[in-house]
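Thanks for coming, everyone. Let me put the structure up, and then we'll walk through a few spots together.

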Amino acid sequence: MSDTKILLPESEIPAQWYNVIADMPNPPAPPLGPDGQPITPDALSAIFPDALIEQEVSGERWIDIPDEVREIYRLWRPSPLFRARRLEKALGTPARIYYKYEGVSPAGSHKPNTALAQAWYNREAGIRRLTTETGAGQWGSSLALVGQMFGIEVRVYMVKVSYEQKPFRRSMMQVWGAEVLASPTDQTEAGRRILAEDPDSPGSLGIAISEAVEEAASRDDTNYSLGSVLNHVLLHQTVIGQEAKRQLEMVGDYPDVVIAPCGGGSNFGGIAFPFFADKAAGREVRLLAVEPTSCPTLTKGQYAYDFGDTIGLTPLMKMYTLGHDFMPPGIHAGGLRYHGDSPLVSQLYHEGLIEAVAVPQLATFEAGVAFARAEGIIPAPESCHAICAAIDEANRARETGEPKTILFNLSGHGHFDMAAYDRYFNGELEDFEYSEEAVRASMAKLPKVG
Ligand SMILES: *Cc1c(COP(=O)(O)O)cnc(C)c1O
C-alpha cells in the first residue's frame with residue numbers, strides 16, 4: 001500500500017515562484033487610475049515596495065524566491081500531501097482523493113506563504129511599519145507572525161464584528177506583537193466617514209482596506225500589505241501547487257480536477273496555477289474554484305472594473321465583482337466574504353479556462369464534519385467549501401464508476417472556528433442566497449469606465 005502522507009524533504013522547497021501570466025492566452029487587463037487610464041507602476045510606490053510592484057506586472061514565467069524566504073519557509077514547508085483513504089472509503093468512491101494541507105503553518109493557513117515574502121521585500125526596502133486589514137483574523141495573524149521576524153511593526157485594522165466575535169485570533173496577533181484596532185476606527189478619514197453615516201457599523205473588509213491603505217499612503221515609513229487578490233500574492237502562493245505536483249509525481253498520479261475555496265483567489269491560484277501551466281501546454285486538467293452562495297463573486301458577479309475597497313481609494317481592477325459597497329451576510333467562512341476576486345482568476349474564468357461553483361453554508365459544514373470524522377483534521381470553514389465540492393466530485397465518480405483523481409487544497413484548520421461548528425450543531429446556521437435583485441442594485445453603482 002502506498003503512503004498516506006506524501007512528504008517532500010526541505011531541500012525540495014521550490015526555488016522559484018510560478019507566474020501564470022506567462023502562460024495566459026491574453027495579457028492581464030491593466031489596473032486603471034481615477035482618470036480611467038492604466039496606472040503607472042509608481043502610482044503604487046506610496047504603499048508597496050518596488051520589488052513587489054515589479055512582480056505585480058512581471059511577465060516572467062519564473063521568479064526566484066530569496067534565500068532567506070526559503071530558509072524561513074522551512075518552518076512549515078513543504079506541507080504534506082495526504083491521500084484521503086479513509087474519506088474515499090467512507091464515500092465508497094472509486095476516486096482517489098488527495099489534499100494538500102496548508103494548516104501546518106504557524107498561523108494555521110496558507111496565508112503566511114505570501115505574508116513572509118511581502119514582509120521580506122518591505123524590510124529590504126527599508127520599511128519599518130506595515131498596515132493591513134483582516135476579517136476573521138487569518139491574514140492579520142499571518143502578517144503579525146512574520147512582522148516580528150523582520151522587526152517590522154504591524155498594525156491590523158480588524159473588521160469590528162470579527163474583533164468582537166473572534167477574540168482568540170486577536171490574541172494571536174498580540175502574541176506576535178501586532179497592534180489590532182476594531183475597524184471602522186476614528187483614526188482615519190475613511191473610518192470617520194463610515195462612522196458618521198453609521199456609528200454602529202459592524203465594519204467590512206472593504207472598509208478596513210480603505211483605512212489601512214489611507215494610513216500607509218500618508219506615512220513614508222509605512223507600507224500596506226494585502227493578503228489576497230493581487231498578482232504578486234497569487235504568485236507567492238504557487239509554492240503550494242508546485243509541491244503538490246511533485247508529490248503526486250512521487251506516487252505516479254495526476255489530478256483530473258484541482259479544487260480550492262475561493263475568496264480573493266490566493267489559495268486557489270496557489271494550488272491551481274502550476275497545473276494551469278500544464279493545461280496551457282495541452283494537458284487535460286480541470287481547475288475548480290469554490291465560493292459561498294452568499295458571496296458568489298464569480299458565479300453571480302459581473303466582470304467589470306471596480307474598486308478593491310469600499311471608499312474607492314484603490315486603483316480600479318478588472319475582476320468579477322458584486323459591487324464595492326456589497327455587504328456580505330455574516331457567514332462563518334470570513335475569508336470568502338470579499339466583494340471582488342483576483343483579476344487573474346477572474347480573467348481565466350471569463351475566458352472559460354477555469355470553472356467555478358457556489359455552495360451553500362450548511363452543505364459545507366456537513367462536508368467538513370464528514371471529512372473530520374474520516375480524516376481527523378478539523379477544517380477551516382473556508383476549506384469546507386473545497387471539501388464539499390471534492391465530495392460532490394467523488395460521489396459523481398461513484399455513479400459513473402470512473403476512478404478519477406481529485407486534488408483539493410485544505411487551506412487551513414478550523415481550531416479558531418469552533419464557535420461556528422457549535423452553531424452548526426445547534427442548528428443555528430442558515431443558508432443565504434444572494435438574490436439577483438441585490439446583484440443588480442449593487443451593479444448599478446459600479447464606477448463608469450471608458
Ligand atoms: C483567507 C482564507 C481563504 C480565502 O482566501 P483566498 O485568498 O481566496 O485564498 C481560504 N481558506 C483559508 C483557511 C483562509 O484563511
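Residues are numbered from 1 along each chain as its sequence is written. Keep in mind that this is a predicted model: local features need pLDDT of at least 70, side-chain atom pairs count only at pLDDT 80 or more, and totals for chains, interfaces and linings use all residues.

Let's start with helix H11, residues 239–250. Just after H11, Gly 252 takes a positive phi of about 70°. As for H11 itself, 9 of its 12 residues are buried, so the rest of the structure largely encloses it. Buried here means 20 or more other C-beta atoms within 10 Å of a residue's own, with C-beta atoms placed from the backbone. Among those buried ones are Val 239, Glu 243 and Lys 245.

Another positive phi, about 70°, turns up at Val 229, although it is not a glycine. You'll find Val 229 in the loop between strand E9 (222–224) and helix H10 (231–237). Val 229 has 25 C-beta neighbours inside 10 Å, so it counts as buried too.

Now, which peptide bonds are cis? One joins Arg 77 and Pro 78, with omega about -10°. Pro 78 sits in the loop between helix H2 (67–73) and strand E4 (81–83). The bond from Ser 183 to Pro 184 is cis as well, with omega near 10°. Pro 184 is in the loop between strand E8 (179–183) and helix H8 (189–197).

Terms used
Helix = DSSP H or I, 4+ residues; strand = E, 2+ residues; numbered from the N terminus.
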